[in-house]
Structure formats: C-alpha cells, structure tokens
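This briefing concerns side-chain contacts between charged and aromatic residues. Please consult the sequence and the model shown here before reading the points that follow.

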Amino acid sequence: MSAWATAAAVTSVGAVALVSKRLTTTALSGPMVLVAAGLACGPVGVDLLDISRDSEAVTLLLEVALVAVLFTDAAGVRWSMLRRDDSLSIRLLGLGLPLTMLLGAIAAWVLLPGFTVWELALVAVILAPTDAALGQPAIADPRVPVTVRQGLNVESGLNDGLALPFFVVLLAAATGDTESAGAGEVFLLALGLSTAVGLLVGWLGARLLAWCTARGWVGEEWRRMPALMFAALGYVLTVSMNGSGFITAWVTGLTFGVVWRRSVPRAAAATAGPESVVGLSEEMGDLLASLSFFVFGAVLLGPALSAIDWRTALYAILSLTVLRMAPVAVALIGSRFRLATVLYVGWFGPRGLASIVFALLLLEDGPPAAGLLVDVIALTVGLSVVLHGATAAWAASRYAGWHATAAATDPQLREGPAEQPRTVPAGAVPVPASPKDAGPRVTR
C-alpha cells in the first residue's frame, strides 16, 4: 500500500472511532462509513489503492486480521453456555449452516451458469459465515432476550471456523490440486495436520502460561501478549507444512481457551480470566478488521459494482434473505420459538470479514474464472454492510417491543427474559451492560 492509501485508511478508522457513539443515533454504522471511504479511495474513486498493484499488502492485512479474529472467537467459547442457550446456536450451526451452504450452491447453479460444481459450492461456502458486528445493535440491545443475543453471537463466533475445512477442500478441488496431490492428502493437510498443530500449540501455550502465572513470573502488562504469539506460531507452523493456517488458528484458540480455564491458578482466576489473556489479540483483530472493511470497499467492492448484472444482483439478494432465512426456519422447527424470533434470527446473518478474506484467497489462488465469483461475493457483502447496518437498531427496537408484550402475556415464553447474562458469551461481539455502552464496534 502506498503512503497515501495507508494515510487514508488509518484516517478513516480514526474518524469512525471519534464519532462512534454519535453513529448509534443514525442509520449509519462504522463498517458502512469505512466501506464508503474505501470506495472513494479505490479505482472507482481517486485510485489510491488497487488490487493489481497492492495485492501483497492487502492479502497480508486481511489474513492477519482473520487469524486474530478466528483465535479470539474460538478462545472465548464456553461450552457451558452452549448448553444453557437452549440449543439456539447449536441448531444454527449444526443444521442451519450446512443447509445454507447447500441452498447457496443450488441457487448458484441456477443463476450463475458456466461454472463447475466446485466453484459454485465455493461461493455458497464463502457466503455462509456470519459477522455479528455488521448488525451489532441486534445483539447489543439489552431489551432483546438473552437467548437470542447469545445464540446469534455464538453462531457468528464459530461458523467461520466450521466453514474453513469446506473452503480449503473445495478450493483445492476447484483448482485441480486434488488431482495432482490426491484428495486424501489435501483432506489430511486441511483437517488432520492443521487440527493437530492447533491442538498442540493451544494446549502447550495455555499450560505454559498457567505454569508461569502460578509462579508469579508473568507481569500484568505482559499477560495479554503470549496468546497472540501462540496464534501466530500455530499459523506459521501449519503454513510452512502446507496446511491451512486459518484452521490451525481457530483450533489453537479453541484449545487455548478450554485448557486455560481449567489450568489458571485459583489465586489468579479473578484477574486472569480468558478475556484478560486474549484481550490484545481481540483488540488487534478489531483494528485490522476495521482496516479490512476500508480495503474491501477499495479493492473488491468497487470492481464488483462495475460488473454487476441481474444474475449477480439477484443472487446477492437471495443470499441475504431466502438462503439464510429458510435454513434458519428449518433449523428452529420444534424449538417453540415464535415467528417473530425466527424472522429476527433469520434476518441477522450479516456477511463480513471471513467472506472477504475467503474471496481474496479465491481471487489469488482460485481458478481462472474466480474474478466473476469474487464479484458476486463482494456484492453480497457490500449489500449486507448497508442493509444490516441500517436496519439493526430499528429491528432490535421493534423486536424488543414485541418481546416485552409477549413476555407480559406469557410468563413461559420460550425466548425467556431480556436480562443481562452474568458472563460474556463467546463469539465476536461482547454484549454490553446497558444501551449507552452499546457503541458500534466496526469489526467483529
């Protein structure tokens, strides 16, 4: 990236931070502003940033951002919460996510002719993960039932990691790597090796940090540093062995969080919880993801807007509506959630950072026709930034009003009360304690 492009990016992120609280009273969101700024600085604007000449810097930024986000999302998972959230997130991840991929591939086959089955499946998988930050008020409003907020938050924190193996294997199939290396080898590297390295690094890292903490060797100002190093170490080791560093980052975070909660010395438990040791990784992920939305607007969305046609536009609309809401409705059959909740959960499935990074990897390492597929993905993410950002606060208010009325007439309402959970749920966006604390996080 040139000096002027870098200056524009950091200035845009700084400007959003300065007016972040003010944005909560408008229909604008942080990602919307950053994407618009990126558009203005890209080839369709003043041309400060272009993928053809800045590909290495852009790829590095987005990959580091996703590694940090994957690690912190996974490290924050609490299995006890997954059991206590009345299975909403389990339903969304276990049934809703695969159905979204399947329906997305079918819709791509109908609307996007001329591509192989692997390429069509790739589009569906790339657009399956959600990013809670793009609809942050929807899970931040304390008037919304805890079960719903927590379910959406956990889904967002885990579905990108669950989609990763599908993406890696399908990308190899689309580019013909499975023919030269063997499908079994590709699958083994994508899942076996990457998972094994993540388990090892996450376990050793958490145990080592707990051991040093118990002996008073770790200074307060350094406690958040090791987790970030473990995330980077796992990624680099796996990439050097031709595995998937993203899968490793996710598994490392998942293992680190579980082992740390079990290993942290009791004397340090009050001040050295999981949030305290992964805080730096989360903050770095937030910052880099903010920059990523700017870069997305410049290098991916701008070219996609110039190549838009009725097929890509229709697929983008379907991806954010039918292809998300129908699987959610199926996943929640028998759950006793009311129709308003099914619609609310179905609508708030924004596409964000994971889809952006996967799209860039597809553009860099995919088949010759990848550019057309990336245009579809970029258009979908761009539309999501606008629609989910603009409707989040309004929809949360309307849904909260419905819930208050329904809860008053039915004390046994399946959605439960709108009260603040005692602990912060796993996933991308912490649930604030009050509306005044629910300023827009421009990242995950």
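Arg143 is partly exposed, with a relative accessible area of 43%, whereas its salt-bridge partner Asp141 counts as buried at 11%. Here buried means under 20% relative accessible area, exposed over 50% and partly exposed in between, with a 1.4 Å probe and protein chains only. The model is predicted: local features need pLDDT of at least 70 and side-chain atom pairs count only at pLDDT 80 or more, while totals for chains, interfaces and linings use all residues. Residues are numbered from 1 along each chain as its sequence is written, and side-chain values use heavy atoms, with hydrogens and water left out.

**Salt bridges**

- The whole structure holds three salt bridges, each defined as a side-chain nitrogen of Lys or Arg within 4 Å of a carboxyl oxygen of Asp or Glu.
- In the bridge between Asp141 and Arg143, the closest N and O atoms are 2.6 Å apart.
- Glu155 and Arg324 form a salt bridge with an N to O distance of 2.6 Å.
- Because Glu155 lies in helix H9 (residues 146-175) and Arg324 in helix H17 (residues 322-331), this pair ties together parts that are 169 residues apart in sequence; helices are DSSP runs of H or I with at least four residues, numbered from the N terminus.
- Glu155 and Arg324 are both buried.
- Asp410 and Arg338 form a salt bridge, with their closest N and O atoms 3.1 Å apart.
- Asp410 lies in the segment after helix H20 (370-409) and Arg338 in the loop between H17 and helix H18 (339-347), so the pair ties together parts that are 72 residues apart in sequence.
- Asp410 is partly exposed at 24% relative accessible area, and Arg338 is partly exposed at 34%.

**Aromatic contacts**

- There are nine aromatic pairs, counted where rings of Phe, Tyr and Trp (its six-membered ring) have centres within 6.5 Å; planes under 30 degrees apart are stacked, over 60 edge-to-face and the rest tilted.
- Phe167 and Phe358 are stacked because their ring centres are 4.6 Å apart and their planes lie at 15°.
- Phe167 belongs to helix H9 and Phe358 to helix H19 (residues 353-365), so this pair ties together parts that are 191 residues apart in sequence.
- Phe167 is buried at 3% relative accessible area, as is Phe358 at 1%.
- Trp211 and Trp217 are edge-to-face, because their ring centres are 5.0 Å apart and their planes are at 90°.
- Trp211 is partly exposed at 40%, whereas Trp217 is exposed at 56%.
- One aromatic cluster is formed by Phe71, Phe230, Phe256 and Trp260.

**Charge over a ring**

- The charged end of Arg414 sits over the ring of Phe337, 4.4 Å from the ring centre; the criterion is NZ of Lys or CZ of Arg within 6 Å of the ring centre and within 35 degrees of the ring normal.

How values were computed. Helices (H or I, at least four residues) and strands (E, at least two) are DSSP runs, numbered from the N terminus.
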